[in-house]
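Subject: Structure handover

Hello,

Here is the structure you will be working with. Please keep it open while you read the notes below.

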Amino acid sequence: RIAYVNGAYVQHSEAGVHIEDRGFQFADGVYEVCEVRHGLIVDLTRHLDRLDRSLSELRMAWPMARAALVVVIRQVLRRNRVKNGLFYLQVTRGAARRDHVFPADGTPSTIVVTAKRTDAGLIAKKNSQGIKAITVSENRWDRVDIKTIGLLANVLARQTAREEGAQEAIFVDPDGTVKEGAATNVWIVDAEGCLRTRPAEHGILRGITRTTLMDVAETLGLVVEERAFTRDEMLAAREVFITAATSICFPVVAIDGKTIANGHPGTVSQNIREAFFDIAE
Ligand code: PDD
């Protein structure tokens with residue numbers, strides 16, 4: 001495998017960054033994960049637009065021109081022969097002697113791009129069987145709308161899910177409303193057949209898959225409402241599913257040990273998944 005690190009294409013096994021990189025010391029960086037399907041990058045423009053927003057919210061400069069970054073991404077995909085999979089890109093505020101305040105102007109940022117193939121069998125299994133989730137109390141900072149690499153709360157939540165035999169952890173606010181998954185957005189199909197997901201203004205990441213799924217829903221004639229729902233409404237929903245660039249749209253069939261609907265993946269999420277790639281590319 002080949003990785004791109006600060007201007008060079010290097011063997012993945014030998015790739016590294018400086019021990020005083022601010023990503024390593026402070027999680028002072030941002031990232032994107034993007035799906036590749038039949039050799040095409042899904043929603044690249046939206047991902048790069050979000051990267052631009054994340055960088056500017058943290059007052060970080062682009063590591064290189066946007067067009068140059070696209071060239072690097074395509075090179076990494078080509079050199080790793082990824083036709084179906086994903087790429088990961090991370091930008092940090094660079095390496096400098098440890099100090100909480102920003103390093104001197106002109107300190108070069110660190111940029112890393114990697115790519116890998118997806119396990120089609122595993123994805124098919126999750127789609128046909130559905131996944132299990134747990135709920136956990138929201139304990140993250142209030143800027144989770146920025147896609148930063150500071151993901152410790154998400155890591156701990158996912159690990160708890162794993163230890164409880166589930167695949168995703170869903171953050172729930174003290175007011176009882178559902179926020180999002182540890183690495184996914186959460187949707188329900190309510191009693192009226194309406195698709196519902198939390199508004200992205202506050203307290204969640206505005207997922208790219210979430211945005212594109214709204215376009216897909218419209219072409220399928222489905223009604224989408226950006227309105228918060230509670231854990232109880234989620235448990236009583238006709239369908240629950242999660243979305244992310246890595247998984248597109250996985251049905252959730254049990255939460256906290258309680259079965260959702262009849263315990264089988266629902267038709268709405270299946271229809272959406274099938275229509276997704278016609279629109280997204
Ligand atoms: N996670 N919410 C959180 C907290 C996420 O980390 C992600 C994505 C999403 C979905 O966003 P998108 O549709 O743009 O992938 C929502 C990536 C895939 C990850 O951390 O691996």
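Helix 6 (residues 208-219) contributes three residues to the shell around the ligand, the most of any element. Helices here are DSSP runs of H or I with at least four residues, strands are DSSP runs of E with at least two, and both are numbered from the N terminus. The shell has 15 residues, and those that come nearest to the ligand are Leu205, Gly207, Ile208, Thr209 and Ala245. A residue counts as near a molecule or strand if its C-beta atom, placed from the backbone, lies within 6 Å of it. By class, the shell holds six nonpolar, seven polar and two charged residues. In this scheme Ala, Val, Leu, Ile, Met, Phe, Trp, Tyr, Cys and Pro are nonpolar, Asp, Glu, Lys and Arg are charged, and the others, Gly among them, are polar.

Two notes on how to read all this. Residue numbers start from 1 along each chain as its sequence is written. The model is predicted, and local features need pLDDT of at least 70, side-chain atom pairs count only at pLDDT 80 or more, while totals for chains, interfaces and linings use all residues.

Next, the domains. The domain assignment gives domain 1 (2-118) and domain 2 (123-280); such bounds come from an automatic or database assignment. The centres of domain 1 and domain 2, taken over C-alpha atoms, are 26 Å apart. In the contact between them, domain 1 takes part with 21 residues and domain 2 with 13 residues. Two residues are in contact if their C-beta atoms, placed from the backbone, lie within 7 Å. On the side of domain 1 that touches domain 2, strand 3, helix 2 and strand 5 each supply at least two residues. Strand 3 has the largest share of that side, with eight residues.

Now a sheet. Strands of a sheet pair through backbone hydrogen bonds, either parallel or antiparallel. Here six strands make an open sheet in the order 2-1-6-5-3-4, with antiparallel pairing. Two strands are said to pair if DSSP finds at least two bridges between them. Strand 2 (8-11) and strand 4 (40-41) are the edge strands, each pairing on one side only. Strand 5 (residues 85-92) and strand 6 (residues 110-117) are joined by eight bridges in the antiparallel sense, and Val91 has Ile111 of strand 6 as its bridge partner.

Two helices pack on this sheet. Helix 2 (residues 44-57) touches strand 3 (29-37), strand 4 and strand 5, and its direction makes about 175 degrees with that of strand 3. Helix 3 (residues 66-79) touches strand 1 (2-5), strand 2, strand 3, strand 5 and strand 6, and its direction makes about 35 degrees with that of strand 6. For these angles, axes are lines fitted to C-alpha atoms, for helices over the stretch in contact, and the angles run from 0 to 180 degrees between N-to-C directions.

Is Thr110, with its 22 C-beta neighbours inside 10 Å, buried or exposed? Thr110 counts as buried, because the cut-off is 20 or more other C-beta atoms within 10 Å of its own, placed from the backbone; 12 or fewer is exposed, and in between is partly exposed. Thr110 lies in strand 6. Beyond its neighbours within four places in sequence, its contacts include Asn6, Val17, Val91 and Thr92.

His38, at about 50 degrees, sits in the loop between strand 3 and strand 4 and is exposed, with 9 other C-beta atoms within 10 Å. Arg59, at about 55 degrees, sits in the loop between helix 2 and helix 3 and is exposed, with 8 other C-beta atoms within 10 Å.

Last, strand 14 (residues 250-255). Five of its six residues are buried, so strand 14 is largely enclosed by the rest of the structure. Strand 14 pairs with strand 7 (residues 131-137) in the parallel sense over three bridges, where Ala133 stands opposite Ile255. With strand 13 (residues 239-243), the pairing is antiparallel over three bridges, and Val240 stands opposite Val252.

Regards
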